[in-house]
Amino acid sequence: MKFLIAGLGNIGAEYDATRHNIGFEVADTFVLKNGGNYELDRHAFVSEIKWKGKTFIVIKPTTYMNLSGKAVKYWMDKEKIGLENLLVVVDELALPLGTIRLRASGSNAGHNGLKSIEASLLTDKYQRLRFGIGSDFPKGRQVEFVLGKWKPSEVPIVKETLLKSVDALECFATQGIGKAMTEFNKG
């Protein structure tokens, strides 16, 4: 059984460790945990992970956030992975830091990466893991906040939530989205 894990973010050192790149960090945490590494390939940095009899194609698109769908569609087609085995990992302003939410489908909530994926796949019926980044910013400063670095006081919470996200990803792959939602959509 094969899965596509798409951690969303933007390439380039200026985006490293920013809130908007948390999808990349979740992907990295899973790949590192399983001794994998990335290679630059078409539209993405790609790692293939074998875990519990399953194969994970983990991608970090090089298309930038607003064109994430191009990379997701390409790798789904190339690896012949169905929608039911796609999990997109994305930052979420509407959730407090330390919170994750798994969804089987749904709105893009204005997130440009999800909008691009919907446009490329022609559906919103794919699983996503939303990683709460909070919304502690003054009015009119959303872009600066999202593209900003974590505060030192947030880093321990981010690290803990990265591990929880990997557990949720693994639960999704072994027990399905329903069980993963029941287990991890708390708090």
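Colleague: Why is strand E5 called largely enclosed by the rest of the structure?
Modeller: Buried means under 20% relative accessible area, while exposed is over 50% and partly exposed lies in between, with a 1.4 Å probe and protein chains only. Seven of the seven residues of E5 are buried, so the strand is largely enclosed by the rest of the structure. This is a predicted model, in which local features need pLDDT of at least 70, side-chain atom pairs count only at pLDDT 80 or more, and totals for chains, interfaces and linings use all residues. Residues are numbered from 1 along each chain as its sequence is written, and side-chain values use heavy atoms, with hydrogens and water left out.

Colleague: What makes you say that both faces of E5 are covered?
Modeller: Leu86, Val88, Val90 and Glu92 are buried on one side, and Leu87, Val89 and Asp91 are buried on the other.

Colleague: How do you know that E5 pairs with strand E1?
Modeller: Two strands pair if DSSP finds at least two bridges between them. E1 (residues 2-7) and E5 have four, in the parallel sense; alanine 6, for example, has valine 88 in E5 as its bridge partner. E5 and E7 also run parallel, joined by six bridges, with valine 89 opposite leucine 129 in E7. Strands (E, at least two residues) and helices (H or I, at least four) are DSSP runs, numbered from the N terminus.

Colleague: Why is isoleucine 117 called buried?
Modeller: Its relative accessible area is 0%, so isoleucine 117 falls on the buried side of the cut-off. This residue lies in helix H3 (residues 112-121). Leaving aside neighbours within four places in sequence, isoleucine 117 is in contact (heavy atoms within 4.5 Å) with Leu8, Ser68, Gly69, Val72, Val88, Leu122 and Tyr126.

Colleague: And what about glycine 113, buried or exposed?
Modeller: Glycine 113, also in H3, has 0% relative accessibility and therefore counts as buried. Beyond four places in sequence, glycine 113 touches Leu8, Met65 and Ser68.

Colleague: What covers the buried residues of H3?
Modeller: Helix H2 (68-79), E5 and E7 are included in that cover. The buried residues of H3 are Gly113, Leu114, Ser116, Ile117, Glu118 and Leu121.

Colleague: What puts the buried residues of helix H6 on the same side?
Modeller: They are Ile177, Ala180 and Phe184.

Colleague: How many residues of each class line the largest pocket?
Modeller: Seven are nonpolar, eight polar and three charged. Ala, Val, Leu, Ile, Met, Phe, Trp, Tyr, Cys and Pro count as nonpolar, Asp, Glu, Lys and Arg as charged, and the others, Gly among them, as polar. The largest share of the lining, three residues, comes from H4.
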